Amino acid sequence: MPTFASLRQLTSPKVRVEAHALWRLTWPILIGQLATMGMSVVEVAMAGHVSAQALAGVSLGTSIWIMVIITLIGITLAVNPVVSHHVGAKNFAAVPPVVRQALWKALGLGMIAMVVGNLASLVFDHMNLEPQVRDLSRDFVRVSSLALPAFALHRVLYGYSASLGQTKPLMVTALLTLLLNVLVNWLLVFGNLGFARLGGLGCAWATVVCVWFNLGALLWWMRRAPAYRATWPFERFDGPDWPQIRSLLALGLPIGVTYFAEVSAFSLIALLVAKFGSTEVAAHQIALNFSSLVFMVPLSLGMALLTRVSQALGAADPVAARFRAWVGVALALAFAVVSAAVMAIFNQHIAAAYTSDAAVAALATQLLFLAAIFQLSDATQVAASSAIRGYKVTRAPMVIHLTAFWVVSLPLGFALGIAPQGWPWVPAEPWGARGFWLALVVGLTIAAAGLVLLLRRVARQHLPR
């Protein structure tokens, strides 16, 4: 962990050079991630202006969709450190076979995810929901699952491009996809220009169209850009190489479990507080949606940091890898201070931008203040875990996240949010979504502390003796 003396050196020329290099890699990823996240913002906002029931239905359906796609992102992320290590070692001939096998793996995972998503949608039939909300939630998941194979394939190409330092295509294609998403949602949700008015279900169809478009647009760019020619993975056809796929799974599955542990702690809240009514679900979704939007900055920084650390290790320079890791953590913390202040000061205005329902806005305002509190720990944990993955260490972060979110955060949230009266250590009246969000503050703090200590140990182990 950096000392106070090292923190005072953050304005040194060496740090400024590294910060500039990291940011140059980060900002196109950030714009691309914001554009991708903007699709969810558009869908939630449009559904919110249809009805409270439409917003609740889309929110519940999105809670399943998000858990599935974030887990897919984690598993497919294995391609990033592997390709980045080869790039750092200038072993470009080894890149195409890795990408081809990662695509086979992603295709299989996407098909499995379709089945899992459809099975998961059955949970809504056993929940105490308004019939309109239940039907929309179930149908939203089933329709949007058609996009999962394309999503998994896209994430492999995304990681391949980022590992080469080519982040501009990710930005441009994501922005084009966002524009398409706004148009398709406008047409299908409200039935404009003669299209059928699908309400909240139009958001799911818009997701399917846009995810497949995003995959096609990225492939089109890559095929024509000179930067990919030396490592172009489609010059030849390889069938599945099961040892290579198993190796990628061994690296990626712990990341997928790590991502699932965190995102499920957020997404399951919508399911657990659904019994309190549409207001609790809608307010939670607003706070989650905006905090997820803000989270794109440290997440994008983490993706760039993984590439920087992996390339340094591939070049056999563990000293540079450690230096890059701590600069990345420091930059993430600096941003978190700003984002926490903005969310705490403007929480009422943010909630009002999402909904005109006074009850929903009031509760969302409280949840956004709790989200402001955990900005520091959230930014720290994502930067530290990304740097650790650059060392190809994935199991220990998985254990830390499972402990923080499933052993601590979710049980504590249950006790504060929905546990019945008479249980020990619970409030006289359940706090609903507020109890879960307070527990998230605790869980993220534990995760941040554990990951910082782990990064310190892993980085030291790789230094020359």
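**Salt bridges, cores and surface of a predicted model**

Q: At what N to O distance do the side chains of Asp-238 and Arg-236 meet in a salt bridge?
A: In this predicted model, Arg-236 and Asp-238 pair through their side chains. Side chains of opposite charge can pair when their charged atoms come close. The N to O distance in this salt bridge is 2.8 Å.

Q: Is Arg-236 buried or exposed?
A: A residue counts as exposed when its relative accessible area is over 50%. Arg-236 has a relative accessibility of 55%, so the residue is exposed.

Q: Which residue forms a salt bridge with Asp-238, its closest N and O atoms being 2.7 Å apart, and how many residues apart in sequence are the parts that the pair ties together?
A: The partner of Asp-238 in this salt bridge is Arg-100. Arg-100 belongs to helix α5 (residues 95-120), while Asp-238 sits in the loop between α9 (201-224) and α10. The pair therefore ties together parts of the chain whose separation in sequence is 138 residues.

Q: Is Arg-100 buried or exposed?
A: The cut-off for buried is under 20% relative accessible area. Asp-238, at 15%, counts as buried. Arg-100 has a relative accessibility of 9%, so Arg-100 is also buried.

Q: Which residues are linked with Asp-125 in a network of salt bridges?
A: Asp-125 is in the loop between α5 and α6 (131-144), and Arg-138 is in helix α6. Asp-125 is partly exposed at 38% relative accessibility, whereas Arg-138 is buried at 15%. The residues linked with Asp-125 in the network are Arg-134, Asp-135, Arg-138 and Asp-139.

Q: How many salt bridges does the structure hold?
A: The number in the structure is eight.

Q: Which residues does Tyr-391 touch, not counting residues up to four places away in sequence?
A: Tyr-391 is among the residues with the most contacts inside the largest nonpolar core. Beyond its sequence neighbours, Tyr-391 touches Val-309, Leu-313, Pro-318, Ala-321, Arg-322, Leu-455, Val-458, Ala-459 and His-462.

Q: Which helix supplies the largest share of the nonpolar patch on the surface?
A: The patch is formed by Val-257, Phe-260, Leu-402, Trp-406 and Val-407, which together have about 390 Å² of accessible area. Val-407, for one, is exposed at 56% relative accessible area. Both α10 (242-272) and α16 (395-417) supply at least two residues. The largest share, three residues, comes from α16.

Q: Where is Glu-18, and is Glu-18 buried or exposed?
A: Glu-18 lies in helix α2 (residues 13-48). Apart from its neighbours within four places in sequence, Glu-18 contacts Arg-308, Phe-323, Arg-324 and Val-327. Its relative accessibility is 6%, so Glu-18 is buried.

Q: What is the radius of gyration of the protein?
A: The secondary structure consists of 17 helices and zero strands. For 465 residues the globule rule gives 23 Å, and the computed value is close to that, so the protein is as compact as a globular protein of that length. The radius of gyration is 22 Å.

Conventions:
Residues numbered from 1 in each chain as written. Predicted model: local features only at pLDDT ≥ 70, side-chain atom pairs only at ≥ 80, totals over all residues. Heavy atoms only, no water. Core = buried A, V, L, I, M, F, W, Y, C linked by side-chain atoms within 4.5 Å. Buried < 20%, exposed > 50% of the residue type's maximum accessible area, 1.4 Å probe, protein only. Contact = heavy atoms within 4.5 Å. Patch = residues over 30% accessible without salt bridge, like charges linked within 9 Å, V, L, I, M, F, W, Y side chains within 5 Å. Areas by Shrake-Rupley, 256 points an atom, 1.4 Å probe, with all protein chains shown as cover. Salt bridge = Lys/Arg side-chain N within 4 Å of Asp/Glu carboxyl O. Helix = DSSP H or I, 4+ residues; strand = E, 2+ residues; numbered from the N terminus. Rg over C-alpha atoms; globule rule 2.2 N^0.38 Å.
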